[in-house]
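Subject: Structure handover

Hi,

Here is the structure I promised to pass on to you. Please open it alongside this note, and you can follow each point as you read.

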Amino acid sequence: MEAIKAELNAQLQSKIAFEIPLFGGIPVPESAVITWAIIVLLTGLAIWLTHGLRKKPGRRQMAAEMLVGFINGFCKDTLGEAHWRTFAPYLGSVGLYLAVANISGLFGVAPPTKDLNVTAGLAVMSAVLIYGAQFRYHGLGGGLKKFGQPVAVVAPLNIMEIGIRPLSLCMRLFGNIFAGFVIMELIKLFVPAIIPIPFSLYFDVFDGMIQAVVFVFLTTLFLSESLE
């Protein structure tokens with residue numbers, strides 16, 4: 001039992017991939033390296049899908065158009081005609097990154113979203129987007145006035161949401177991916193053959209995709225509230 005506990009603890013630690021030999025050594029975590037690999041993968045996929053676009057699309061171009069059309073349609077329905085073009089590229093990029101990151105466990109690597117630093121960074125980016133757009137489109141006075149809506153008495157609660165919203169986005173994503181990772185590691189330790197496959201399909205694929213959708217949906221919903 002102690003050996004299993006030690007093995008599980010080792011798997012749960014945020015591993016350091018390598019160190020940059022500057023300023024006494026800058027540690028680069030494994031989650032950052034996997035994130036870089038995902039960025040390269042998605043960039044290469046985007047270049048391949050959009051290379052040689054034609055008026056009469058082939059299968060590759062049709063797949064790209066369907067994906068972009070889905071993202072644009074979702075943003076248009078949620079944010080409205082006036083703002084969807086501005087935010088669709090960012091929201092689509094985050095959604096694709098999370099979708100690939102959350103299912104990376106299928107390929108034998110730890111999902112970067114099980115690292116609290118990664119999910120916290122994504123949540124902070126969402127908060128900057130939400131409140132940055134609020135002041136960008138309503139001005140300083142209008143942005144501050146939004147905190148007093150629908151009535152001034154709720155202003156303290158709305159101000160608290162500046163911290164609550166990114167915290168909820170961060171912990172929801174991290175908690176679900178981390179819990180799924182722990183369960184899968186326990187299953188692999190006790191029954192290492194065959195049985196983990198259906199569980200992996202659920203925790204790595206189904207739950208991972210659900211969490212990507214939920215994160216993007218909530219970010220878009222909060223953004224819509226700031227813009228309206």
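Let me begin with the cysteines. With a disulfide taken as a pair of cysteine sulfur atoms within 2.5 Å, the count comes to 0 disulfides. Cys75 is buried, at a relative accessible area of 0%, and Cys170 is buried too, at 7%. Buried here means under 20% relative accessible area, exposed means over 50%, and partly exposed is in between (1.4 Å probe, protein chains only).

Two notes on how to read all this. The model is predicted, so local features need pLDDT of at least 70 and side-chain atom pairs count only at pLDDT 80 or more, while totals for chains, interfaces and linings use all residues. Residues are numbered from 1 along each chain as its sequence is written, and side-chain values use heavy atoms, with hydrogens and water left out.

Now the overall picture. The chain has 7 helices and 2 strands, and from the N terminus on its elements run α-β-β-α-α-α-α-α-α. These are DSSP runs numbered from the N terminus, with helices (H or I) of at least four residues and strands (E) of at least two. Of the 228 residues in the chain, 36% are buried. Among contacts (heavy atoms within 4.5 Å) with a separation of 6 or more, 65% are between residues 24 or more positions apart.

Next, the helix packing. Two packed helices are described by the angle between their axes and the distance between the axes. The axes are lines fitted to C-alpha atoms, for helices over the stretch in contact, and angles run from 0 to 180 degrees between N-to-C directions.

Helix H2 (residues 30-50) packs against helix H4 (residues 84-102) at about 120°, with the axes 10 Å apart. That angle makes H2 oblique to H4; the scheme is under 35 degrees for roughly parallel, over 145 for roughly antiparallel, 65 to 115 for roughly perpendicular, and oblique for the rest. On the H2 side the contact is made by Thr35, Ile38, Leu41 and Leu42, and on the H4 side by Leu96, Tyr97, Val100 and Ala101. These residues divide into 7 nonpolar, 1 polar and no charged. Here Ala, Val, Leu, Ile, Met, Phe, Trp, Tyr, Cys and Pro count as nonpolar, Asp, Glu, Lys and Arg as charged, and the others, Gly among them, as polar.

H4 also packs with helix H5 (residues 116-146), at an angle of about 170° and with the axes 13 Å apart. H4 and H5 are therefore roughly antiparallel to each other. Thr86, Phe87, Tyr90, Leu91, Tyr97 and Leu98 of H4 meet a set of H5 residues that includes Val118, Leu122, Ser126 and Tyr137.

Ser126 sits in helix H5 and counts as buried at 1% relative accessibility. Leaving out residues up to four places away in sequence, Ser126 touches Tyr90, Leu169, Phe215 and Thr219. Ser126 and Phe215 are 89 residues apart in sequence and 9.5 Å apart in space, C-alpha to C-alpha.

Ile177 lies in helix H6 (residues 155-190) and is buried at 5% relative accessibility. Ile177 and Gly208 are 31 residues apart in sequence and 6.9 Å apart in space, C-alpha to C-alpha.

Best wishes
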